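Reader: I have some questions about how terms are applied here. Please set each value against its definition.

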Amino acid sequence: MSLEPVQPEILNEDAREGLIILCDHASNVIPAGYDNLGLEDHHLEAHIAWDIGAAEVTRKMCELMGVSAVLAPVSRLVIDCNRELDAHGLIPAVSDDVKIPANSDLSAAAMQARVQAYYDPFHAAAARLVKAHLDAGKVPLVVGMHSFTPEMAGEVRPWHAGFLWNRDPRLAQAMIGLLERETDLVVGDNLPYSGKQLYHTMERHGAAHGLPQTTIEIRQDLLASPGNIDAWAALMADVLDECMSRPDLTAIKHF
């Protein structure tokens, strides 16, 4: 089985402002021919299909800051761009106890077709933006934009936002410190889950190049209106503006 490659959405491709936003769970689109992966429509509006509000925050930040971004074009249920190619959850058969019928017993050829059509174009676009910044003499901050469901597996999640990291703590700790200084938000450090487990996009396009990187997680109920999205985008833009002015956060360093 072969599929035509689907290019991700790229915002401000020619910008070299020192920040690249990668939104790998931006979309809940299931391409034609997949019959919704055997799911009901309401499943595709839920958190299992995408990071609700993350794409809108990304677009607003790019509008405010003039920075570059890449947004994945299909649902994480088709293929999850934030997973290694050999990861169990790359094409999930179950998500939050919901079975994904069309993802069961996929052949190696069918899986590879999805990789080539949807996964590879997203990561190729991200790699091009990183290279273009470095070629221009700019060390970019690399940020993953995610959102998280307020409750998971019976656990109520109290954090308003969280910042994930693996080996390089620079950007996550800087953003956490600024938010704790300037706001009364409940901020998670490697919460609601840890970048030491789920961090592929940031590892590949940030840490592998020695670039400061973090994944931003915002609780989805706080992104339920255009006004809330605008407010979170403005807040993240303000914090990142300050980070982009710091020499310790605009330097290549391998951990």
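Reader: How many disulfides does the structure hold, and what makes a pair of cysteines a disulfide?
Author: The structure, a predicted model, holds zero disulfides. A disulfide is a pair of cysteine sulfur atoms within 2.5 Å. For Cys81 the nearest cysteine sulfur, that of Cys23, is 11 Å away, and Cys81 is in no disulfide. For Cys243 the nearest is that of Cys62, at 16 Å, and Cys243 is in no disulfide either.

Reader: Why is Cys81 called buried?
Author: Buried means under 20% relative accessible area (1.4 Å probe, protein chains only), exposed over 50%, partly exposed in between. Cys81 has 2% relative accessibility, so Cys81 counts as buried. Cys243, at 0%, is buried as well.

Reader: What makes S9 and S11 paired strands?
Author: Strands (E, at least two residues) and helices (H or I, at least four) are DSSP runs, numbered from the N terminus. Two strands pair if DSSP finds at least two bridges between them. Four bridges join S9 (residues 161-164) to S11 (residues 213-219), so they pair, running antiparallel. Phe163 stands opposite Ile216 in S11.

Reader: How does the length of H4 compare with the expected span?
Author: The expected span is 1.5 Å times one less than the number of residues. H4 has 13 residues and reaches 18 Å from its first C-alpha to its last, close to the 18 Å expected.

Reader: Which residues and atoms count?
Author: Residues are numbered from 1 along each chain as its sequence is written, and side-chain values use heavy atoms, without hydrogens and water. Local features need pLDDT of at least 70, side-chain atom pairs count only at pLDDT 80 or more, and totals for chains, interfaces and linings use all residues.
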